[in-house]
Amino acid sequence: MGYRYETHMHTNKGSKCGKSSGQEHARYYKELGYAGIIVTDHFFGGNTAVPKTGSWKERVEQYCSGFEEALAEGQKIGLQVFFGIEENFKGDEYLIYGIDKEWMIKHPEMETWTRREQYNAVRAAGGCVIQAHPFRMRPYMEGVHVGNRFADGVEVLNGGNTPGQDVLAYKYAKKHGLYMTSGSDRHLSVPGENDVQKNFGIVTEEKLGSIHDYVNLILSKKQVGLYFPEGRLDGEADEVSLRIANILDESENDVPMDSETLAPVR
């Protein structure tokens, strides 16, 4: 049977692109039969709804308000709600699990971290990092930057991707033995108005007691089940994303990816 969890979603309080409140998301996922959700609004380097004005503490509190709304509703209806972050660099984005509002308030420097600094600090705090949709390409992006050096795994299935981008991510993760996750990347949760083909997530054998249980699964390399629409990985890899893909080296510089080996061009 297992327990299904959403790992990637956005509220209208923390993400400028979010369309639904935390309460609406919680009710939607409860109706779908999910055991829980992880709210991962866009942080300050990305498409955040939080202005740059105000104190650091005020900004963090506003950022966390969408999660807190979802949490309050989840406690009423019997849905687990956990906290996460999605941070952006140059179009490559990273899901952070295992830190909380109190920790963030004490670390205003996180707004200016490099990818390496982010990874080291999150791991030191007992959390983990997953690269979100690593082969996604959009008109606003400079290119594809694969940064698994600065993450503990990759999101190989994402409801906002094309199937071909997911196929490419899955092949890349299998090639390099990377931990794999799945998430809907949902921004809108209104029953009856969503495409069920965009429902993704993970399935665990046991119910998670906290976000740290999920972090421990990732860091221990105990692969969770991946929940995604049937046939999602049956097609071909996205050739456009593959042709422009770069792997970030230790200095966070782009190295072109060899389309045959899915490894850096030497």
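Guide: First, the naming of elements: helices (H or I, at least four residues) and strands (E, at least two) are DSSP runs, numbered from the N terminus. The model is predicted, so local features need pLDDT of at least 70 and side-chain atom pairs count only at pLDDT 80 or more, while totals for chains, interfaces and linings use all residues. Residues are numbered from 1 along each chain as its sequence is written, and side-chain values use heavy atoms, with hydrogens and water left out.

Visitor: In which strand does Gly36 lie?
Guide: Take its neighbours first. Contact means heavy atoms within 4.5 Å, and Gly36 touches Arg4, Tyr5, Glu6, Leu79 and Gln80, leaving aside residues up to four places away in sequence. Gly36 lies in strand β2.

Visitor: Is Gly36 buried or exposed?
Guide: The classes go by relative accessible area: buried is under 20%, exposed is over 50%, and partly exposed is in between (1.4 Å probe, protein chains only). Gly36 has a relative accessible area of 0%. That makes Gly36 buried.

Visitor: How far apart in space are Gly36 and Leu79, C-alpha to C-alpha?
Guide: In sequence, 43 residues separate Gly36 and Leu79. The two are also in contact. Their C-alpha to C-alpha distance is 5.3 Å.

Visitor: Why do the buried residues of α1 lie on the same side of the helix?
Guide: In α1 (residues 22-32), the buried residues are Gly22, His25, Ala26, Tyr28 and Tyr29. An α-helix has 3.6 residues a turn, so residues three or four places apart point the same way.

Visitor: Which elements do the buried residues of α1 pack against?
Guide: Two of these elements are strands and one is a helix. They are β1 (3-6), β2 (36-42) and α2 (56-77).

Visitor: How many disulfides does the structure hold?
Guide: A disulfide is a pair of cysteine sulfur atoms within 2.5 Å. The nearest cysteine sulfur to that of Cys64 is that of Cys17, 16 Å away. For Cys128 the nearest is that of Cys64, 17 Å away. The number of disulfides is zero.

Visitor: Is Ala125 buried or partly exposed?
Guide: Ala125 lies in the loop between α4 and β5. It touches Gly98, Ile99 and Trp103, not counting residues up to four places away in sequence. At a relative accessible area of 30%, Ala125 is partly exposed.

Visitor: Where is Asp185, which has a positive phi?
Guide: Most residues other than glycine have a negative phi, and most peptide bonds are trans. Asp185 is not a glycine, yet its phi is positive, about 55°. At 8% relative accessibility, Asp185 counts as buried. Its place is the loop between β8 (180-183) and β9 (201-204).

Visitor: Which glycine just after α4 has a positive phi?
Guide: The buried residues of α4 are Arg115, Gln118, Tyr119, Ala121 and Val122. They pack against β3, β4, α3, β5 and β11 (245-248). With a positive phi of about 90°, the glycine just after α4 is Gly126.
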